[in-house]
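This report describes the strand arrangement and the aromatic contacts of the structure shown below.

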Amino acid sequence: MYGRSCSTAKKTKNNKLMWCVIWKKDDIYSIFTNQIFESNKKALEFKNKQTSFRKKHDAKVVPYDYKYFKGVKEHELDK
């Protein structure tokens with residue numbers, strides 16, 4: 001899994017999406033942590049526990065995609 005690039009969201013063995021937490025820094029959304037979550041609920045719990053997120057940091061839970069390692073602009077989030 002590591003080292004491979006992909007353009008679609010990764011799926012687990014049960015065909016469920018994996019989730020990641022991204023945050024906006026300098027007008028670019030990128031991965032906040034290297035942890036990937038098996039459910040949206042677990043990713044949201046992780047995001048809500050982080051004290052490093054302030055109002056100025058726009059954090060989101062999104063389906064995992066390799067493009068977030070490089071960072072994307074806001075208009076590229078839904079693509």
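## Sheet

An open sheet is built from 3 strands in the order β2-β1-β3, with antiparallel pairing. On average, neighbouring strands are turned by 40° against each other, direction ignored. Strands (E, at least two residues) and helices (H or I, at least four) are DSSP runs numbered from the N terminus, and two strands pair if DSSP finds at least two bridges between them.

The model is predicted: local features need pLDDT of at least 70, side-chain atom pairs count only at pLDDT 80 or more, and totals for chains, interfaces and linings use all residues. Residues are numbered from 1 along each chain as its sequence is written, and side-chain values use heavy atoms, without hydrogens and water.

Strand β1 (residues 19–25) is joined to β2 by 4 bridges. Lys24 has Tyr29 in β2 as its bridge partner.

## Aromatic pairs

The whole structure contains 5 aromatic pairs (ring centres of Phe, Tyr or the six-membered ring of Trp within 6.5 Å; planes under 30 degrees apart are stacked, over 60 edge-to-face, the rest tilted). Phe32 and Phe46 form a tilted pair, 6.5 Å centre to centre with 55° between the planes. Phe32 lies in the loop between β2 and α1, and Phe46 in helix α1, 14 residues apart.

Tyr64 and Phe69 form an edge-to-face pair, with centres 6.3 Å apart and planes at 75°. Trp23, Phe32, Phe37 and Phe46 make up one aromatic cluster.

Terms used: Axes fitted to C-alpha atoms, helices over the stretch in contact; angles between N-to-C directions.
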